[in-house]
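Please look through the structure below with the text beside it. The paragraphs that follow go from strands and sheets to a recorded site and then to charged pairs.

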Amino acid sequence: MSVNRPAAVIVLAAGEGTRMKSKLPKVLHEINGRSMLGHVLSAARDLSPQYSVVVVGHAREQVREHLAQAAPEALTAVQDEQNGTGHAVRMAVEDLASQGVKLTETVILTCGDTPLLRAETLAGLVAEHESEGNAVTVLSARVPDPHGYGRIVRDEHGSFTRIVEHADAAPEQREIDEINSGMYAFDGALLSSVVQRLSTDNAKGEEYITDAVALLRGDGHRVGAWAAEDWQEVQGVNDRVQLAEARRVLNERLLREHMRSGVTVVDPATTWVDAQVRIGRDAVIEPNCRLLGTTVIGEDAHVGPGATLEDTVVGEGARVRETTADGAEIGPGATVGPYTYLRPGTRLAERAKAGAFVEVKNSNIGAGSKVPHLTYVGDADIGVGSNIGCSSVFVNYDGVDKHRSVIGDHVRLGSDNTFVAPVHVGDGAYSGAGTVIRDDVPPGALAVSEGNRQRNVEGWTRRKRPGTAAAEAAERAERHRADNEQ
């Protein structure tokens with residue numbers, strides 16, 4: 001839906017949220033990879049407002065620190081005392097005015113605790129507001145249980161007339177299921193004026209933005225109400241129970257979007273996905289998977305069951321199951337798992353393998369290379385077509401510093417090897433079972449341990465494994481070494 005660019009989006013986020021019973025400000029509680037406030041700002045961002053202003057109060061520095069990372073474009077206005085929604089809006093309007101900003105276009109008012117709000121709904125609100133020429137348009141919704149909400153009262157022609165709070169509503173008005181969401185579209189110039197006229201003559205002695213609707217209507221301006229298609233979008237989150245329910249609803253929405261884009265999700269009830277995750281067409285997500293952060297799943301990839309991937313890239317056609325990966329890159333056609341842990345900085349090239357009970361950290365595993373099982377690879381670079389034997393360990397830490405090891409192309413390493421970094425195993429080399437490699441292994445050599453010493457048998461691969469990829473790699477490396485020595 002194409003709408004004019006709003007002058008500003010104002011997000012109310014100053015409250016403490018005591019019902020959350022948390023040290024963390026309510027609007028910063030996470031839901032599907034973003035804070036609640038982050039979800040609201042993301043929806044608003046799609047409308048490309050000239051300004052986004054978050055009204056902060058409780059724990060303001062914590063909220064500002066979060067905004068610096070999650071929404072650096074957002075400005076903040078301070079509400080030192082929480083004197084009502086109208087007072088909060090006035091703080092935002094006055095803060096913009098102090099910076100020389102004149103609000104002449106539409107201003108959207110939203111709440112920082114409505115993480116289910118969609119950009120399409122805000123766009124619809126703006127479109128209705130501008131097409132009707134309203135001074136203010138209330139975002140409403142028809143809800144199953146309107147108890148406690150202000151009701152939208154309409155006349156016999158269906159035109160919006162006023163908002164009646166639940167406590168003030170007559171019995172027949174309490175039967176109305178259309179409620180005020182607390183979100184609005186305003187004519188910017190009229191908003192700047194009307195917030196200066198809000199009264200505190202009420203039971204709580206606070207300024208309410210709902211009074212602006214009556215004031216503008218009393219001035220003869222046109223007011224309206226537009227109902228959101230999905231009532232759940234306007235639901236505020238006030239405690240942990242509502243947070244869990246919102247997370248479930250948002251997760252179901254995200255999964256439906258992925259499935260309608262060509263992704264197979266075998267069991268949506270046990271699959272969790274963050275808002276920024278991208279999944280390619282014909283990918284399959286098995287049960288009990290969590291796709292978190294900025295994870296990207298390529299086309300035709302198969303993930304799960306039982307995978308937790310955070311900020312991880314999975315290439316086309318890769319297979320990943322029973323795996324925890326954080327900040328890893330899994331190349332096209334690679335296979336990972338089961339029971340595998342890929343730590344930050346791990347990169348598997350095309351058709352590489354990290355198998356059962358393997359842990360990899362800050363390492364590169366080359367195309368077609370395999371780390372089949374029961375192995376720790378830390379701070380290592382493994383070349384093309386190599387195989388690391390079962391139960392091997394890359395000893396990368398000397399108690400003070402981390403060191404890297406390099407394994408060449410087409411290397412065949414025996415089971416239960418220990419690589420004491422920094423070491424370099426040349427192309428086409430082999431090692432015997434149980435070898436402790438403390439010194440570099442030349443290309444094509446066989447490394448074995450004799451007591452506490454390592455012995456390299458030069459030329460072993462060429463003699464014992466002729467015609468193999470390892471022998472060919474070793475011969476190339478030996479020729480290259482000989483050429484350099486001449």
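In which sense do strand β28 (residues 364-365) and strand β30 (residues 380-382) pair, and over how many bridges? The two strands pair in the parallel sense, over two bridges. I365 has I382 in β30 as its bridge partner. Keep in mind that this is a predicted model.

Both strands belong to an open sheet of nine strands, in the order β14-β17-β20-β23-β26-β28-β30-β32-β34, with parallel pairing. At the edges stand β14 (278-279) and β34 (424-425); each has a single partner strand, so one side of each is left without a neighbour in the sheet.

Another open sheet has three strands, ordered β35-β37-β38, and its pairing is mixed. β35 and strand β37 (residues 446-450) run parallel and are joined by two bridges. Within this pair, Y430 stands opposite L446 in β37.

Strand β6 (residues 106-111) shows how a strand can be covered. Buried means under 20% relative accessible area. Six of the six residues of β6 are buried, so the strand is largely enclosed by the rest of the structure. T106, I108 and T110 point one way from β6, while V107, L109 and C111 point the other way. β6 pairs with strand β1 (residues 8-13) in the parallel sense over five bridges, and V11 has T110 in β6 as its bridge partner. β6 is also joined to strand β10 (residues 178-187) by four bridges, and these two run antiparallel. V107 stands opposite F186 in β10.

Next comes a position taken from a record. UniProt, in an unreviewed entry, lists H373 for "active site". H373 is placed in strand β29 (residues 370-378). Is H373 buried, partly exposed or exposed? Its relative accessibility is 35%, so H373 counts as partly exposed. Leaving aside residues up to four places away in sequence, H373 touches A356, F357, V358, C390 and S391.

Charged side chains can be followed next. The whole structure holds 22 salt bridges. One of them joins R90 and E94, at 3.2 Å from N to O. Both residues lie in helix α3 (residues 85-98), four residues apart, which is about one turn of the helix. R90 has 17% relative accessibility and so counts as buried, whereas E94, at 30%, counts as partly exposed.

R222 forms a salt bridge with E132, and the closest N and O atoms are 2.8 Å apart. R222 lies in the loop between α6 (210-218) and β11 (223-227) and E132 in helix α4 (residues 119-132), so the pair ties together parts that are 90 residues apart in sequence. R222 is partly exposed, with a relative accessible area of 46%, and E132 is partly exposed at 33%.

R404 and D381 form it, with the closest N and O atoms 3.0 Å apart. This pair links distant parts of the chain, 23 residues apart: R404 is in the loop between β31 (393-395) and β32 (405-407), and D381 is in strand β30. R404 is partly exposed at 33% relative accessibility, and D381 is partly exposed at 23%. Finally, R142, R154, D177 and E178 are linked in a network of salt bridges.

Methods: Residues numbered from 1 in each chain as written. Predicted model: local features only at pLDDT ≥ 70, side-chain atom pairs only at ≥ 80, totals over all residues. Heavy atoms only, no water. Buried < 20%, exposed > 50% of the residue type's maximum accessible area, 1.4 Å probe, protein only. Pairing = 2+ DSSP bridges. UniProt positions renumbered as here; feature names shortened; annotations may be inferred. Contact = heavy atoms within 4.5 Å. Salt bridge = Lys/Arg side-chain N within 4 Å of Asp/Glu carboxyl O.
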